[in-house]
Amino acid sequence: MRLLLAAATGAAVFATGTATAFATQTSATAVACDLNTADVTAVTVGDAYVPLKDDATVDFEATLKDAWKLAEDKKSVQQNITAVTAEFQRAGETTWNSATLEALPAVPAPPATGEATLPTADVKLRGSFKVTKDNKDGKWQVRLHVSRSGASSDSCKEVTVSPQVKYVSASVTDPVVVSAGQDTEVAVKANIIGASSVTARLFSNDSNDSVDLELSKSNTADQWYRETWFDDDYATGSWTLELVAARGKESVKFEKADTFWVQTGSSKSKKAKSRVSFDVSANKVKKGKKIRLYGKAYRGSSAYSGKMIELYTKKKGGSWKFAYFVKANGSGKFSKTVKPKTDAYWRAQVPGTSKTYGSKSGYEFVDVR
C-alpha cells in the first residue's frame, strides 16, 4: 500500500490498491435501461464508487438464458448465443464505453454414443468496468449486446455509483463528566459521505488511555454513530477523536476529527446493577445453517424491558468484537437468529448508563462444521 497525505479537518492519510485501465468510446444514443429476459435473466454488479486516487474496478456478472441448442440430429450441442459484448455509460453521458467481458464458454463435447443433452447450468459471464477519481457519481448503466440465430438484442442494468469518501463533520460528547462508581455515556457521531465502514479511536492527549470503536450507519444517509462508556479510571483532560473511513481498497484517516474534554464530577444518584443471561440454540451447526442467540436482561431484580442489548463474538485466540444489536422485549427477553460462518465464542452485554451499571453474560462456543 502507498500512503498519501490529503487535506481534511486535521491531517488525512489514505491508502489504495491498483486497478487496470481499459475502454474505448463509441457513440450511441441513450436508451431505456431494462433487461431482455429472453436473453439475459440477471445482471449483478459489485461495489461501485468514485475512488480517491487509483481507479476502482467494478465487477459484474450476467446470466444468459438458453445459451445452447441441440443440433438437428440431436447428436451434439451447438451455440444458440453466438456473441456477447458489454459496454457501460457514465452518469450524465450519452456515450457508451467498452467494458471487459469473458468469452463464451466452449461448446460442450458430444457424447460418445447416443443423443446429446443440453447443459442444465446457466451460462454466467463475468465482466468489469472502471471508475476513476474524476468521474461523477450517480446512476450509471451496464449494457449487454446478445446475438443469436441472426438476431440481436440489448439488455441494460442501472448501477448506482457512490460518491468519493468525504469527511463533513464529527462530534463527541463534550465535556465527558466521570464520577466515582458510575459509567458515563459518550456519544460519537460522524457525517461521512461515501464510506462503507467507519472506525473511531478516542485517545487521551496526556496519557496512554484510548478507546477503539466501530461506528454503525444510521437510517439517515451518511450519518454514523456509536455510544461507549467512560468510568472514573479514564484519564481526565484533553482527548482527540480520530476517524478512518473505508471504501473498497481505499481508506482515509481523519487524524483530528474532533477534540473533547474529560473531567471529574460528583455522584448524584445511586446506580442500579444489571445482569444478562445468554444461551444458544445449538453449540454445533452446519455451515450455512441458522442458530438462535437468546437470553434475558435484568435491571436490579426486574426485567430490563426495551433495553438495547449488544452481542459480541470472538474467534479462538482473537479478541471480542461487536456483532449485533438486539432489543429486549417488555419481559427483558431478547433473541437473534444468525448464520455463523466460523467457529467462535458468543456472549451478550448490557451497556451501562448514568443510572445503571453495564454487565456481561457468560459465553457460549459454537462449532461450525
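Buried, in this talk, means under 20% relative accessible area, exposed means over 50%, and partly exposed lies in between, with a 1.4 Å probe and protein chains only. Lys 130 is buried by that rule, at 13% relative accessible area.

Now the ground rules. This is a predicted model, where local features need pLDDT of at least 70 and side-chain atom pairs count only at pLDDT 80 or more, while totals for chains, interfaces and linings use all residues. Residues are numbered from 1 along each chain as its sequence is written, and side-chain values use heavy atoms, with hydrogens and water left out.

Back to Lys 130. Which residue does Lys 130 meet in a salt bridge? The partner is Asp 55, with the closest N and O atoms 3.6 Å apart. Lys 130 sits in strand S11 (residues 123–131) and Asp 55 in the loop between strand S4 (40–45) and strand S5 (56–64), so the pair ties together parts that are 75 residues apart in sequence. Asp 55 is partly exposed, at 23% relative accessibility. A salt bridge here is a side-chain nitrogen of Lys or Arg within 4 Å of a carboxyl oxygen of Asp or Glu. Strands, for their part, are DSSP runs of E, at least two residues long, numbered from the N terminus.

Asp 54 forms a salt bridge with Lys 53, and their closest N and O atoms are 3.4 Å apart. Asp 54 is buried, at 15% relative accessible area. Lys 53 is partly exposed, at 29%.

One more pair. Arg 369 and Asp 367 meet through their side chains in a salt bridge, 3.0 Å from N to O. Arg 369 is exposed, at 59% relative accessible area. Asp 367 is buried, at 17%. How many salt bridges does a search of the whole structure find? Ten.

On to the sheets. Two strands count as paired if DSSP finds at least two bridges between them. S4, S5 and S11 belong to an open sheet of four strands, in the order S4-S5-S11-S10, with antiparallel pairing. S4 and strand S10 (100–101) are its edge strands, each pairing on one side only. S5 and S11 run antiparallel and are joined by nine bridges. Look at Val 58: it stands opposite Phe 129 in S11.

Another open sheet also has four strands. The order is S14-S16-S20-S19, and the pairing is antiparallel. Strand S14 (166–172) and strand S19 (216–217) are the edges, each pairing on one side only. Strand S16 (residues 184–193) and strand S20 (residues 223–230) run antiparallel, joined by eight bridges. Lys 189 has Tyr 225 in S20 as its bridge partner.

Now strand S30, residues 344–350. Is S30 largely enclosed or open? Six of its seven residues are buried, so S30 is largely enclosed by the rest of the structure. Take its pairings in turn. With strand S27 (residues 308–314), S30 pairs in the antiparallel sense over five bridges. There, Lys 314 has Tyr 345 of S30 as its bridge partner. Trp 346 stands opposite Glu 364 in S32. With strand S31 (residues 359–360), S30 pairs in the antiparallel sense over two bridges. Gln 349 has Lys 360 in S31 as its bridge partner.

Last, the pockets. On a 1 Å grid over the protein atoms alone, a pocket is an open set of points where a 1.4 Å probe fits, with protein on both sides within 12 Å along at least five of seven lines; lining residues have an atom within 4 Å of a point. Grid points are joined across faces, edges and corners, and a volume is the space filled by probe spheres set on the points.

The largest pocket has a volume of about 680 Å³. Its lining has 29 residues, and Asp 212, Leu 213, Arg 226, Thr 228 and Tyr 312 lie nearest its centre. S20, S27, S30 and S31 are among the strands that each supply at least two residues of that lining.

The second largest pocket has a volume of about 340 Å³. It is lined by 15 residues, with Thr 313, Lys 315, Lys 341, Thr 342 and Trp 346 nearest its centre. S27, S28 and S30 are the elements that give two or more residues to this lining. S28 gives the most, with three.
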